[in-house]
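Please examine the sequence and the structure before reading on.

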Amino acid sequence: MKKCIKVVDEFVYKIIRNKTEQMSKSRDESRVMKKSDILSRFLEMKKTDPKYLKDIILSFIIAGKDTTASTLSWFFYMMCKHPLLQERIAEEVRKATRTNEYSSIDELANSITDAALDKMQYLHASLTETLRLYLAIPVDGKLCLSDDTFPDGFRVRKGDSVTYQPWAMGRMKSLWGDDAEDFRPERWFDENDCFQQESPFKFTAFQAGPRICLAKEFAYRQMMIFSTVLLGTFRFKMGDEHRRVKYRTMLTLHIDGGFIFLLPIDQATRFRRPRTIEMDVVVFCLYV
Ligand code: HEM
């Protein structure tokens with residue numbers, strides 16, 4: 001274990017060194033940095049303690065990469081299973097970003113503002129509905145540090161392990177109604193068709209209480225931006241319509257064997273070849 005941690009730490013320290021060098025070089029040459037990522041933002045804030053930076057980067061990678069990537073895989077799977085929903089979200093994206101089906105990817109990406117994202121209620125609800133059914137962290141275990149009593153009077157002892165099951169909770173009819181197994185984003189709307197949050201103790205995808213996911217809103221933003229660009233540009237179809245998609249039991253909920261999307265040919269030829277291929281490969285690489 002110690003050896004593995006060392007390998008991971010060294011990998012991250014190398015990234016920090018490279019970025020620091022890159023930044024001081026671009027400052028010397030008085031060039032404006034074109035790529036601004038999270039690490040460079042911390043460095044710009046003069047946060048340069050390598051251990052502090054290493055811990056930040058590892059939290060982002062470990063807590064943030066697989067969770068959002070697997071949620072997006074399941075979300076695009078749902079989009080393939082529900083083509084009308086997919087079309088509806090694409091329409092919402094075009095409306096919110098004031099683009100049309102002939103806009104380029106760059107035009108679309110440049111028009112994704114916070115205000116535009118806030119208008120995408122259907123996309124927000126669909127990602128949340130995905131997370132209800134396909135929780136990125138399906139089972140979450142804890143270890144009791146001291147004796148304690150649950151609100152219902154159940155006692156636990158120091159050293160006991162306690163596990164809650166977001167996967168099961170997301171599908172319980174007593175919580176979500178008789179259609180709990182159905183993918184129905186509308187369940188998240190209030191009477192004005194606006195997205196309505198649920199209690200985190202009922203919708204437990206991000207956990208609840210003081211140790212709730214630190215980056216819940218950030219994760220939504222990331223997933224919404226990514227989905228906006230893809231659904232505003234392409235239509236997705238399953239590579240094999242008859243395939244039985246199953247999950248793989250891991251810490252995070254991956255699609256077993258990954259997932260290959262097909263772009264209908266009229267969509268794929270709308271842009272110059274390299275751009276289309278690049279998009280295809282990105283989807284394949286990120287989520288397999
Ligand atoms: C769909 C995306 C995500 C889901 C479903 C998710 C879910 C969760 C859950 C269930 C926990 C509690 C784990 C536990 O204590 O047992 C957690 C904690 C955490 N998450 Fe997320 N997460 C997501 C994305 C992210 C992203 C993108 C980041 C960072 C960029 C992040 C950073 C963290 C951190 C730092 C914690 C630890 C908080 C603490 O212990 O106080 N998460 N997340």
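How many residues surround the ligand, and which are the closest? In this predicted model, 19 residues surround the ligand, and the closest are Ala 63, Gly 64, Thr 67, Cys 213 and Ala 215.

**Ligand shell**
- At least two residues of the shell come from each of helix 3 (50–81) and helix 10 (216–233).
- By class, the shell comprises 11 nonpolar, six polar and two charged residues.

**Nonpolar core**
- The largest nonpolar core contains 31 residues, and those with the most contacts inside it are Phe 75, Ile 89, Val 93, Leu 131, Leu 135, Ala 136 and Ala 205.
- Two or more residues of this core are given by each of helix 3, helix 4 (83–97), helix 7 (121–133) and helix 10.
- Apart from its neighbours within four places in sequence, Ile 89 contacts Tyr 122, Leu 123, Ser 126 and Leu 231.

**Packing of helix 3 and helix 7**
- The two helix axes approach within 9 Å and cross at roughly 110°; helix 3 is therefore roughly perpendicular to helix 7.
- Helix 3 contributes Thr 71, Trp 74, Phe 75 and Met 78 to the contact, while helix 7 contributes Ser 126, Leu 127, Thr 130 and Leu 131.
- This contact of helix 3 with helix 7 consists of five nonpolar and three polar residues, with no charged residues.

Technical notes: Residues are numbered from 1 along each chain as its sequence is written. This is a predicted model: local features need pLDDT of at least 70, side-chain atom pairs count only at pLDDT 80 or more; totals for chains, interfaces and linings use all residues. A residue is near a molecule or strand if its C-beta atom, placed from the backbone, lies within 6 Å of it. Helices (H or I, at least four residues) and strands (E, at least two) are DSSP runs, numbered from the N terminus. Ala, Val, Leu, Ile, Met, Phe, Trp, Tyr, Cys and Pro count as nonpolar, Asp, Glu, Lys and Arg as charged, and the others, Gly among them, as polar. A nonpolar core is a set of buried Ala, Val, Leu, Ile, Met, Phe, Trp, Tyr and Cys residues joined through C-beta atoms within 7 Å. A residue is buried if 20 or more other C-beta atoms lie within 10 Å of its own, exposed if 12 or fewer, and partly exposed in between; C-beta atoms are placed from the backbone. Two residues are in contact if their C-beta atoms, placed from the backbone, lie within 7 Å. Axes are lines fitted to C-alpha atoms, for helices over the stretch in contact, and angles run from 0 to 180 degrees between N-to-C directions. Angles under 35 degrees count as roughly parallel, over 145 as roughly antiparallel, 65 to 115 as roughly perpendicular and the rest as oblique.
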